[in-house]
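Here's a quick briefing to go with the structure. Have a look at it first, then read on for the contact between two chains and the build of one of them.

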Amino acid sequence: MSALGHYNYWVTVLLMVAGLYIVIARSNLVKKLIGLSIFQTSVYLLYIAPGKLVGGTPPILAEGFRLYSNPLPHVLILTAIVVGVATLALGLAIVVRIREAYGSIEEDEILEADR
Amino acid sequence: MTLAQLPALVVVVPLVAAPLALLLRRGLAAWAIATAACLFSFAAALLLAGQVAESGAISYALGSWAPPWGIEYRVDALSAFVLVLVSGIAAVVAPFAWRSVAAELPRDQLYLFYTMYCLCVAGLLGMTITGDAFNLFVFMEIASLSSYVLIALGRDRRALLASYQYLVLGTIGATFYVIGVGLLYLMTGTLNIADLAARLPGIAATRPVLAALAFITVGMSLKLALFPLHLWLPNAYAYAPSAVTAFLAATATKVSVYVLLRFYFTVFGVHTVVEVLPMPQILLALSIAAILTASLVAVWQAGLKRLLAYSSVAQIGYITLGIGMASRDGLTGAVVHLFNHGITKGALFLLVGGIALRAGSANFDRLRGLARAMPLTSLGIVIAGLSLIGVPGTAGFVSKWYLVLGAVEAGRWWLAALVVGSSLIAVAYVWRFVEAAYLAEPTAATPGRGEAPFAMLAPAWLLVAACVWFGFDTSFSAESARRAAVLLLGGGAR
Amino acid sequence: MKSLLVLRVIAKMLIPFMLLFALYVQFHGDFGPGGGFQAGVIGAAAIVFYAIIFGLPAARRMVPDRLVETMVGLGVLLYAGVGVAGMLLGGNYLDYFVLAHDPVHGQHRGIFWVEVGVAITVSGVMLKIFYMFAGRGRDLDDE
């Protein structure tokens, strides 16, 4: 099980870094929010992928099955998804108001307008 | 409902008050419900603090599921202290908010403001009282999302951008925290803070656990505005409605400091934090940078709110300086400064809210000769400013005393000198207000003679009086802080 | 014109099934993927679909703004109310064990009502968000 076997962690790290890069590098406010969403998605993967045990069944009591996959990460991530949705909705609402107030959603133009 | 249900009620009452305020749709009714809920929470927090001081930590099992399977609310010396601070500030700001917010928001949005205020209070109180790491994240996001809304309600259009920046940075911080908790969960299989503390010592030096420590540090540093992750704070405090600034400045960053303390000393334990990773050195360096640069930047600001915001960044540097010392006196200084700075900044921003109501804004060009027009407000700002500086007889002195004590005990005389010397920079920015209000001639922009309404002045002066009271009678503040520091350094949960 | 007619007929056929599916997801959350949040979103999606095809004013007439805001508050109160009921009946907050004659049925009842509260709030919030975004004035000068 070399480094390549841990491909779920590689995907997690890739999404994490990609999301953070978008937040930092893009000046369009909506693109920043999308980067934030991608960053939060990587965290969901971080929790859920290790929750599946190799050879584990869904967590339903049944005869003959003794190894269950962990259902707790799924519950935690449901909560985290809702939080992510709420944050995205709030961020977009603020962007709509910014557009109405400034006429633009490019960060550098907005900072220019306030100078 | 007996006293045994208080740990749940202290969070549930503001949480229920929020949808009630939403359904009532009338500003005055929403304000009344919000104020009643905050007063109840304050009373409950005081009762809880008294109970903890007598008989030790309280554990409350949510849903009657025993920990560590169920979510546990845990009130010990540290969380009781922070509960009293947060609920107290909430109870003081709520009566103030009626006149202040009515002047800054349109009438049909007032009930929405109080809905968000209740949610923010419930979120902050929940963050403090919970003993489950993921439940802490949920409450953290409740508090953060409602504070983004509250900040965006400011009159100036720059409040929108400030709220957006805070949203992006705060969400990154919260997500870093979740990553840290996820790594801890992967390594130990539990989310309960006391259980994590029990299971970590064997695996504390493994890379995932150290990575978790790093992620949680960075995440909470974004939330508590530790230099250089403080960039959201000056804009957010300057452009938000005055009541919001007063409330958030006194509570939001303090609860994030509490979370950092909880994870550093209860979960990871002082050995991991001090010996395995160079956390004290890093915190020391960043704190010194925060104190010096933020205080210096504060001196050059054009508006009083921005000046006080940068001052907050510097004062948070003092708190993290105490944490970085990781000794009993250092931690006592950190925790007591958490409390003292909360009431000092709360008093200052409430008074500035009164100025904003009378003068339209708090820029220095409108403050010339203010002492003649608003003598009580100016005197209050001077007294609270003395507490910021740390003059003996005010609350700020008590915190600086413990910090200097901790530095001297560790043999770091230069640090003690720095704590005292940086207070001189605070003199510089407090003097800016004194010079403008007392020594300058009133201009056309200065408001006419007349204080802010009594409903706004009284809560502000209550906090100013508290600044002076806790400078003389430290039996509650310093004693609770000392007990909290002993608990934290004792290692693990009780 | 022709395509609009096709869309309207299909929408009228689909929307009841969407709402029914939302209820299915709501009540089968114990046995399969589902629960309050998902059901709330599907229910709101049905109304949003209606608004897209038939116009926002028609949707506003069917599900008025006051109703949506009331749903948001009511769902949260229902959830908190279940918790308080647990306290009143002798247990801790959100204690489901005491809600019925035996613990297992108590858990069933508690989870049922809590999920109903979540579904009401979530569909209210999603609709409110849609109303707020879709109802803003349109700019004529898009770059």
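**Where chains C and A touch**

The contact between chain C and chain A draws on 5 residues from chain C and 5 residues from chain A. On the side of chain C that touches chain A, helix H5 (residues 103–134) of chain C gives the largest share, with 3 residues. That side of chain C counts 4 nonpolar residues, 1 charged and no polar ones. Bear in mind that this is a predicted model.

**Chain B overall**

- You'll find 19 helices and 2 strands in chain B.
- The C-alpha atoms of chain B sit in a box of roughly 70 × 55 × 40 Å along the principal axes.
- A compact globule of 494 residues would come out near 23 Å in radius of gyration, so the 21 Å of chain B agrees with that.
- Buried residues make up 67% of the 494 in chain B.
- Take the contacts in chain B between residues at least 6 apart in sequence: 81% of them join residues at least 24 apart.

**Helix H10 of chain B**

- Helix H10 of chain B covers residues 242–276, which is 35 residues.
- A straight helix at 1.5 Å a residue would reach 51 Å, but the end C-alpha atoms of H10(B) are only 43 Å apart.
- Where does H10(B) bend? The bend is at Phe268(B), and it's about 110 degrees.
- H10(B) is also mostly covered, with 29 of its 35 residues buried.

Notes: Residues numbered from 1 in each chain as written. Chains lettered and ligands numbered in written order. Predicted model: local features only at pLDDT ≥ 70, side-chain atom pairs only at ≥ 80, totals over all residues. Helix = DSSP H or I, 4+ residues; strand = E, 2+ residues; numbered from the N terminus. Expected span 1.5 Å × (residues − 1). Bend = angle between axes of the 7 residues up to and from the residue. Buried ≥ 20, exposed ≤ 12 C-beta atoms within 10 Å, placed from the backbone. Rg over C-alpha atoms; globule rule 2.2 N^0.38 Å. Contact = placed C-beta atoms within 7 Å. Nonpolar A, V, L, I, M, F, W, Y, C, P; charged D, E, K, R; others polar.
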